[in-house]
Amino acid sequence: MKTVLITGASSGIGYEFAKIYAENGYNLVVVARNEDKLEVLKKEILEKISKNVKITVIEADLSQENAAERLYNQIKSNNLKIDTLVNNAGIGIYGKFSEFDEEMMKKNDAMINLNIKAVVELTRLFLADMMKAGNGEILNVSSIAAFMPGPLMSTYYASKAFIQSFTEAIREELRDDICGKNIKISALCPGPTATGFEKSSNLEKSSLFERMKVMIAKKVAEIGYKEFQKGKAIIIPGIFNRIAVFGTRFLSRKFIVKTARKLQEKKERN
């Protein structure tokens, strides 16, 4: 059986990905900060999906320095071979960057570690193993935020733009590489999704989730898995999200950035 490593698997899209991969006969390595939630996931899969799936639970905070390398070493020490890597873990920060105090900057640094550094490091480490094996898969969870600037969430949007660019570049590098031609790498770019992200990113103050069509995590994961299997480079779940991204090709950057800010401004109080 093949093995998939999923970060941020304790809730939302990562949680749903874990169930989908189990349904498709994969062993799982699920990673998140909350071990109790991972154990709930493990129990649900073993009771409702398959008793034959091997599930390894790892509690890890990938926003910490060198956490990605520690995770990789722990997996190697357990003699686990990762066939598919799903870099799903991510957080956001809401507010004006110019108003970030020291505490907010600590949170911002942790976000950059999680959204960018951990993804880059895990990709580097596991891609090296995949190159040696001559096959493998990497799915990096980005966002439609990657296609536009994001006032009031400036560093989050920028982090997703980085992941988008990084993923596309690596994909092109692998295209004509003898060792990498059988390795898939894609970016999943969901729009607003009903997960714990809204609360953890303090987006409850924002009107974004009221003004845009919100998808459920299960649907995003189902589309993501299906399109990833087809080898699609950029996966954008939902017709409204695809239209929004397509529209950025024809609109001025000035209009796009102002629209993005309008979508994310604080909710009006009655």
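Is Arg-175 buried or exposed in this predicted model? Arg-175 has a relative accessibility of 57% and therefore counts as exposed (buried denotes under 20% relative accessible area, exposed over 50%, and partly exposed the range in between, with a 1.4 Å probe and protein chains only). The model is predicted, so that local features require pLDDT of at least 70 and side-chain atom pairs pLDDT 80 or more, whereas totals for chains, interfaces and linings use all residues. Residues are numbered from 1 along each chain as its sequence is written, and side-chain values rest on heavy atoms, with hydrogens and water left out.

Nine salt bridges were counted, a salt bridge being a side-chain nitrogen of Lys or Arg within 4 Å of a carboxyl oxygen of Asp or Glu. Arg-175 pairs in this way with Glu-172 at 3.0 Å, N to O. Glu-172 is partly exposed, at 42%. Lys-19 is buried at 15% relative accessibility, and a network of salt bridges links Glu-16, Lys-19 and Glu-44.

The largest nonpolar core comprises 31 residues, of which Ile-6, Phe-17, Tyr-21, Leu-28 and Val-30 touch the most other members; such a core is a set of buried Ala, Val, Leu, Ile, Met, Phe, Trp, Tyr and Cys residues joined through side-chain atoms within 4.5 Å. Helix H1 supplies the largest share of this core, seven residues. A second, separate core of 28 residues includes Val-31, Leu-114, Leu-125 and Ile-185.

Leu-188, located in strand E6 (residues 183-188), is buried at 0% relative accessibility. Beyond four places in sequence, the contacts of Leu-188 include Phe-17, Leu-139 and Gly-224, where contact means heavy atoms within 4.5 Å. Phe-17 likewise contacts Leu-139 and Gly-224, among others. The C-alpha atoms of Leu-188 and Gln-164 are separated by 8.8 Å, although these residues are 24 apart along the chain.

How values were computed. Helix = DSSP H or I, 4+ residues; strand = E, 2+ residues; numbered from the N terminus.
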